[in-house]
Amino acid sequence: MLEVVCPWHAPIWSSLTSQTQHAHAYLFSGLPGVGKRRFANAFAAFLLCDTPEHAMACGHCRACLLREAGSHPDLLLLEPEEEGKAIRVDAVRQLVDFIGQTAQQGGRKVIVLHPAEAMNQNAANALLKSLEEPTRDTFLLLVSDQPSRLLATIRSRCRVQTLAAPSQADALDWLATAVPELQAEQHQALLIMSGGAPLRALELHQLDAIAMRQQVVADIKALIKQERSPSQVSDAWSKYPLELLLDWFCSWTLDLLKLHTGAQPAASNQDMDKVLGYVVRFPTAGQLMDWQGWLLTHRAMVQGKANLNRGLFVEALLIEWKKLLEKR
């Protein structure tokens, strides 16, 4: 399969591929779902291609055919053994051995490491040694949603390229083409939930996130009306992704802060407009800031794959949320 760069990254792609010399290590960073992995894979294909055409891998030379078959001996894809798990030092040692080998096709060697922030401390230290002593015609492409979690010494040895999200109009146009079966308002809802990242919006559609969100909003309303308890709602959400739930609560809290300060007249989360308009009457600005801090701390724990008891955590989340409604 010929890798295609997302259209909103075309100017960066053109600039990068027009260069006659390339850095030995790149760090492609940006929000989840903006197309970083696509960009890195396409760049790997470009670097390995024998006869690039129009600043893209040709798709039909021997190198491209080997890569598309998943058997190019000079391409190494390094990622966790299981999604959400760490990249361990043994995997990075494999990378180090790969770097030390002669290219079997007589050209370049390319490593794509994703997500870079998944490396544990030992793995990161092992990688650092390779970055300090780069090998000719070997290119390391790191992909990261959270580059701040990488060692500063790793970041400093890479050429950092931020890959931004597209404009809202461009994102909606892309979604309309990617999922034409949805209505315009559904495209808009997915884009809001994804924080403006189109590929993340597509993932959310595949998770049936619109229906999930509708149920979450209904459960929040029932919780406020005391029609359901935190434990009951926690049970109902047992299969919902924790990161997604925390993203929604963080977004609602940002709306609450803006409403409280008068920075905006209504919530940007339209499906929660009435709920947030009601909730904002109770807490002080300080209490909202404390709540936001609680959310961000626990979101970092979830992103860091902390060993949390899921049911107890969600129940605690809902109990803390309900505290916002207590009269002080």
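H72 is found in the loop between α3 (62-68) and β2 (75-78) of this predicted model. Helices and strands here are DSSP runs numbered from the N terminus (H or I, at least four residues, for helices; E, at least two, for strands). H72 has a relative accessible area of 6% and is therefore buried. The classes of exposure are buried (under 20% relative accessible area), exposed (over 50%) and partly exposed (in between), with a 1.4 Å probe and protein chains only. Not counting residues up to four places away in sequence, H72 touches L48, A63, L66, R67 and Q105. A contact means heavy atoms within 4.5 Å.

The model is predicted: local features need pLDDT of at least 70, side-chain atom pairs count only at pLDDT 80 or more, and totals for chains, interfaces and linings use all residues. Residues are numbered from 1 along each chain as its sequence is written, and side-chain values use heavy atoms, with hydrogens and water left out.

P7 lies 28 residues from G35 along the chain, and the C-alpha atoms of the two are separated by 9.6 Å.

The chain as a whole has 15 helices and 5 strands. Its C-alpha trace spans about 70 × 45 × 35 Å along the principal axes. Of the 328 residues, 46% are buried. Contacts between residues at least 6 apart in sequence were also classed by separation: 71% of them join residues at least 24 apart.

Helix α10 (residues 209-224) has 16 residues. From first C-alpha to last, α10 reaches 22 Å, close to the 22 Å expected at 1.5 Å a residue. The expected span is 1.5 Å times one less than the number of residues. The buried residues of α10 are A209, I210, M212, R213, V216, V217, D219, I220, A222, L223 and I224. What covers them includes α8 (184-193), α9 (198-206), α11 (230-236), α12 (242-261), α13 (273-279) and α15 (310-323). Q226 follows α10 and has a positive phi, near 65 degrees.

Two packed helices are described by the angle between their axes and the distance between the axes. Axes are lines fitted to C-alpha atoms, for helices over the stretch in contact, and angles run from 0 to 180 degrees between N-to-C directions. Angles under 35 degrees count as roughly parallel, over 145 as roughly antiparallel, 65 to 115 as roughly perpendicular and the rest as oblique.

For α8 and α10, the packing angle is about 75 degrees and the axes are 10 Å apart. The two helices are therefore roughly perpendicular. Q186, L190 and M193 of α8 meet A209, I210 and R213 of α10. These residues divide into 4 nonpolar, 1 polar and 1 charged. Ala, Val, Leu, Ile, Met, Phe, Trp, Tyr, Cys and Pro count as nonpolar, Asp, Glu, Lys and Arg as charged, and the others, Gly among them, as polar.

Helices α12 and α15 pack at about 10 degrees, with axes 12 Å apart. That angle makes α12 roughly parallel to α15. On the α12 side, the contact is made by L242, L245, L246, F249 and L256. On the α15 side, R310, F313, V314, L317, L318 and W321 take part. The contact has 10 nonpolar, no polar and 1 charged residues.

The structure holds 11 salt bridges. A salt bridge is a side-chain nitrogen of Lys or Arg within 4 Å of a carboxyl oxygen of Asp or Glu. R299 forms one with D247, the closest N and O atoms being 2.9 Å apart. R299 lies in helix α14 (residues 285-303) and D247 in helix α12, so the pair ties together parts 52 residues apart in sequence. R299 is partly exposed at 23% relative accessibility, and D247 is partly exposed at 27%.

R157 and E132 form another salt bridge, with 3.7 Å between the closest N and O atoms. This pair links distant parts of the chain, 25 residues apart: R157 is in the loop between α6 (152-156) and β5 (159-162), and E132 is in helix α5 (residues 121-132). Both count as partly exposed, R157 at 30% and E132 at 44%.

The side chains of R136 and D137 also meet in a salt bridge, at 4.0 Å from N to O. R136 is exposed at 74% relative accessibility, whereas D137 is partly exposed at 35%.
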